[in-house]
Amino acid sequence: MSTPQAENITMSAGGRYSLATAGARDVIDGATKLVVRAIGEVPVAAVDGVFTMSDMGCADGGTSLGMVRTAIGAVRERFGRAAVKVVYADQPRNDFNALARIVHGLGGFDGYLEEFDGVFPLFSATSFYRAIVPPGGLHLGFSATAMHWLSGKPGDLAAHVHAVGAVGDEREKFAAQARADWQTILLRRAEELAPGGQLVLVVFCMDERGRYLGNTGGVNMFARFNALWRGFVEEGAVTEGEYRAMTLPQFYRTVEEFRAPFEGEGAAARAGLELLEMETRVVPCPFAAYFKMHGDADKFATAYIPTLRTWSESVFYGALSTARAGGERRAIVDNFYRAYGDEVRNHPDGHAMDYVHAYMRIRKTR
Ligand SMILES: C[S@@+](CC[C@H](N)C(=O)[O-])C[C@H]1O[C@@H](n2cnc3c(N)ncnc32)[C@H](O)[C@@H]1O
């Protein structure tokens with residue numbers, strides 16, 4: 001299961017994740033039609049008074065509030081007064097206090113609980129590499145922008161921070177881990193799903209044109225991460241070992257890699273899962289779009305850097321030697337994002353964290 005390294009990954013605490021991630025919400029909003037279609041196809045007979053949905057890798061739950069509200073409306077339309085269980089799942093180190101506050105309407109976001117009777121949010125600190133709900137108990141499994149995180153790190157990269165910059169054997173190790181992990185994710189969901197239940201999975205990918213997060217034609221975000229971190233080694237701010245330890249345990253699968261387990265005698269096909277639809281989409285970086293309107297590089301950098309920081313800072317921090325005092329580690333990480341911010345301030349054009357996802361709808365056939 002997850003290695004200590006993988007467990008270092010958390011989103012920023014205290015609800016800041018959603019505030020800094022308007023783009024992630026746009027990504028989820030774009031999946032709402034698939035969610036409604038999925039609910040519309042769950043057999044009425046499969047729901048005996050209780051409809052169970054999950055949001056796997058939910059972080060603080062803020063980005064999916066609108067999608068969950070629409071999903072509950074669709075459940076009510078199809079299944080009448082059925083109670084709705086919404087199982088929010090993330091890793092144990094996630095900030096579950098922020099999650100509970102946001103879902104219960106205390107986080108400054110518009111919640112949905114006041115609008116409906118018979119809706120039961122539940123909070124689970126179980127990884128999506130394990131079963132989150134009992135066998136046959138799930139009607140709709142949802143996940144956005146989470147399943148690119150591998151269950152562990154297959155190794156440290158010698159010359160990059162992300163598998164997108166890896167080559168040869170190093171890349172193949174990550175690809176193999178991603179294949180095994182995708183299979184595990186699907187098999188755990190096949191156990192959970194009721195017959196006719198569906199999954200809507202929105203997963204970071206490498207699209208048909210080779211695009212991926214932060215690499216859609218302008219400045220390559222991961223190349224900048226790598227160059228700046230390498231520069232810290234050259235300045236003597238971090239060691240070679242710390243440079244290598246900053247390897248993100250992530251992989252951006254291609255559509256072929258997503259599809260493989262559903263084909264022929266693939267593990268997902270054998271487990272009764274059918275891939276109903278899949279398409280790749282690019283959702284533009286809202287900060288870069290806003291910058292095009294206002295043209296103020298300082299304002300852009302100040303808003304943009306926190307969105308990169310939410311999902312990457314715990315890995316940078318975790319890469320630094322524990323022989324350093326906590327304050328020193330935090331200062332290095334602060335300096336890193338300051339350096340990235342200065343770069344954006346001085347040369348803002350081309351910086352953008354456009355999202356590149358595969359949107360999938362999957363059905364349990366039996
Ligand atoms: C980028 S956030 C996405 C949050 C939200 N779904 C969204 O789209 O805005 C990724 C989330 O996936 C979670 N995550 C990573 N690996 C996980 C695992 N194995 N099981 C459950 N959650 C995981 C992280 O803790 C984090 O909260």
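Helix α7 runs over residues 168-192, and its 25 residues should span 36 Å at 1.5 Å a residue; the end C-alpha atoms are 36 Å apart, which agrees. The model is predicted.

**Helix α7**
- An α-helix has 3.6 residues a turn, so residues three or four places apart point the same way.

**Nonpolar cores**
- The largest nonpolar core has 83 residues, of which Tyr 112, Phe 225 and Trp 229 touch the most other members.
- Helix α13 (residues 297-319) supplies the largest share of this core, ten residues.
- Leaving aside residues up to four places away in sequence, Phe 225 touches Val 161, Leu 308, Trp 311, Ser 312, Phe 316, Phe 336, Tyr 337 and Tyr 340.
- Another core, of 30 residues, lies apart from the largest one; Ala 190, Phe 262, Ala 268 and Leu 273 are among its members.

**Arg 76**
- Arg 76 belongs to helix α5 (residues 65-79).
- Arg 76 is buried but has no salt bridge, and the nearest side chain of opposite charge, that of Asp 117, is 6.8 Å away.
- The Arg 76 side chain does reach the backbone oxygen of Ala 82, at 3.0 Å.
- Not counting residues up to four places away in sequence, the contacts of Arg 76 are Arg 81, Ala 82, Ala 83, Val 84, Phe 116, Asp 117, Gly 118 and Val 119.

Methods: Residues are numbered from 1 along each chain as its sequence is written. This is a predicted model: local features need pLDDT of at least 70, side-chain atom pairs count only at pLDDT 80 or more; totals for chains, interfaces and linings use all residues. Side-chain values use heavy atoms; hydrogens and water are left out. A nonpolar core is a set of buried Ala, Val, Leu, Ile, Met, Phe, Trp, Tyr and Cys residues joined through side-chain atoms within 4.5 Å. Buried means under 20% relative accessible area, exposed over 50%, partly exposed in between (1.4 Å probe, protein chains only). Helices (H or I, at least four residues) and strands (E, at least two) are DSSP runs, numbered from the N terminus. Contact means heavy atoms within 4.5 Å. The expected span of a helix is 1.5 Å times one less than its number of residues. Lys and Arg count as positive and Asp and Glu as negative; His and the chain ends are not counted. A salt bridge is a side-chain nitrogen of Lys or Arg within 4 Å of a carboxyl oxygen of Asp or Glu. A polar contact is a pair of N or O atoms within 3.5 Å; within protein, one must be able to donate a hydrogen and the other to accept it, and residues adjacent in sequence count only if both atoms are side-chain atoms.
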